[in-house]
Amino acid sequence: MEPKFLTAQQVLLTTLVFKLAVMALLATMLVRYRRFRHILIFERRGLRDRLIFAFALGIPLAAGALSRVLLNYDAADLTLEGAFLVGLIGGPYAGAIVGAAVAALPALFAGEFIALPFAVGCGFAGGGLRELCPKEAIWHFSPFVFSSLPRRLWQLFRRFEVDWQVILLLGPVALELLRQVLGHRFGAYRLFYLAPTSALILGLIVLATVLCVATPIKIWNNARIEHRLQEQEKLLMAARLSALANQINPHFLFNTLASIASLVRSQPETARMVIHRLSALLRRLMRSQDHFVALREELSSIDEYLDIEVIRFGPQLRVQKEIDPATLDVLVPSMILQPIIENSIKHGLSRKVGGGRILIRTRRRNGTALIEILDDGLGMTPERLKEAFQGGIGLSNVSERLRVIYGESCQIRLESTLDRGTTVTMEIPDTAAAEVRASA
């Protein structure tokens with residue numbers, strides 16, 4: 001069987017497909033680097049960012065042009081598309097640098113003397129369009145602009161309004177047609193170009209040039225949108241945390257002020273002591289703006305709160321602690337323990353004859369901080385236990401905050417026996433807490 005070879009037209013079509021694949025692959029690889037994404041996201045770029053952007057694209061483009069000169073691999077030469085794209089995103093000088101100093105040098109050494117001024121012109125053309133059109137219009141430039149081209153042209157002539165998508169489309173189209181004219185006039189040995197065999201093939205060459213510009217923009221814009229969504233998600237989570245935390249502070253404040261009001265006439269010295277402890281606690285809350293604190297700081301805040309409650313209830317309220325030193329530096333959501341302890345006192349111990357005991361116990365287990373709050377109060381019936389997280393402010397608030405922050409990786413359990421007491425257990429992934437704090 002005789003071997004079958006591709007015709008010249010088939011080779012050209014294959015080259016166009018691979019050319020688009022090379023550009024898409026390059027854009028996908030570059031957007032994975034954090035520094036490159038940072039340059040794409042923020043429009044205000046300094047000289048250093050522009051140079052980084054230029055050489056991040058320029059070096060692969062130069063390698064592609066070199067492989068075309070040395071290996072005759074035409075699909076890797078993206079001088080026009082690369083210089084225009086860098087100019088469109090990074091500005092005219094970045095585009096000129098890529099066109100002149102990087103992408104066109106291999107062609108210049110091969111004797112293609114028109115390549116240098118043409119590549120520089122492509123860079124300045126992209127940069128000029130960047131200076132003229134709105135920045136967001138560039139990021140809306142899509143490979144699918146052809147599907148809406150008739151409608152856009154109709155609106156352009158009907159309303160006499162500038163459609164920047166059409167202008168951006170005309171840029172690479174005009175440059176490719178100019179390259180075809182120059183290549184046909186001076187020959188492929190003076191300027192590299194893909195010579196068409198028919199009008200249809202010429203249209204496909206022009207289409208491939210447009211897609212090689214629009215496809216990276218589409219890929220990079222998706223990364224920009226993803227970053228914006230992540231930032232919005234962080235802001236939303238911070239707002240929800242603030243709203244949930246602010247539900248607790250007035251709740252606790254009103255309860256304490258009610259206790260002070262009941263002590264003013266009968267026990268003025270005790271009322272004064274409670275006010276002093278309350279002011280110290282409020283100063284601590286006002287100083288702290290963090291959503292996360294070390295467990296030692298949270299326990300210190302709880303001490304001030306319990307001082308207030310011990311003064312209110314007297315020696316009938318006993319507080320014990322079993323704190324594992326290894327847990328003291330674990331980050332926990334701020335004001336996460338106070339509503340649980342408040343529930344223990346209010347619903348479990350305040351109505352119990354003879355007072356009661358609260359135990360705060362912490363330990364490390366399998367990369368998590370285990371925090372337990374136990375009381376020997378009145379406890380709850382099974383029916384009430386099922387509804388504990390649905391009503392009120394305390395437990396429902398804590399459960400919602402933990403769910404917002406950690407998702408399914410955090411567990412909170414409630415166990416209670418009637419007339420024997422209640423235990424609240426939280427398993428907080430300390431590594432996840434550190435990551436949340438770093439991203440906040």
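A residue is termed buried if its relative accessible area is under 20%, exposed if over 50% and partly exposed in between, as computed with a 1.4 Å probe on protein chains only. The structure is a predicted model, in which local features need pLDDT of at least 70 and side-chain atom pairs count only at pLDDT 80 or more, while totals for chains, interfaces and linings use all residues. Residues are numbered from 1 along each chain as its sequence is written, and side-chain values use heavy atoms, with hydrogens and water left out.

Of the 440 residues of the protein, 46% count as buried. The protein has 17 helices and 7 strands, taken as DSSP runs numbered from the N terminus (helices, H or I, at least four residues; strands, E, at least two).

A search of the whole structure finds 4 aromatic pairs, a pair being rings of Phe, Tyr or Trp (its six-membered ring) with centres within 6.5 Å, stacked with planes under 30 degrees apart, edge-to-face over 60 and tilted for the rest. One of these is the stacked pair of F36 and F53, at 5.4 Å centre to centre and with 20° between the planes. This pair links distant parts of the chain, since F36 belongs to helix 2 (residues 34-41) and F53 to helix 3 (residues 47-71), 17 residues apart. Both F36 and F53 are buried. F53 also pairs edge-to-face with W220, at 6.0 Å centre to centre and 75° between the planes. Because F53 lies in helix 3 and W220 in helix 11 (residues 199-263), the pair ties together parts that are 167 residues apart in sequence. W220, like F53, is buried, and F36, F53 and W220 form one aromatic cluster.
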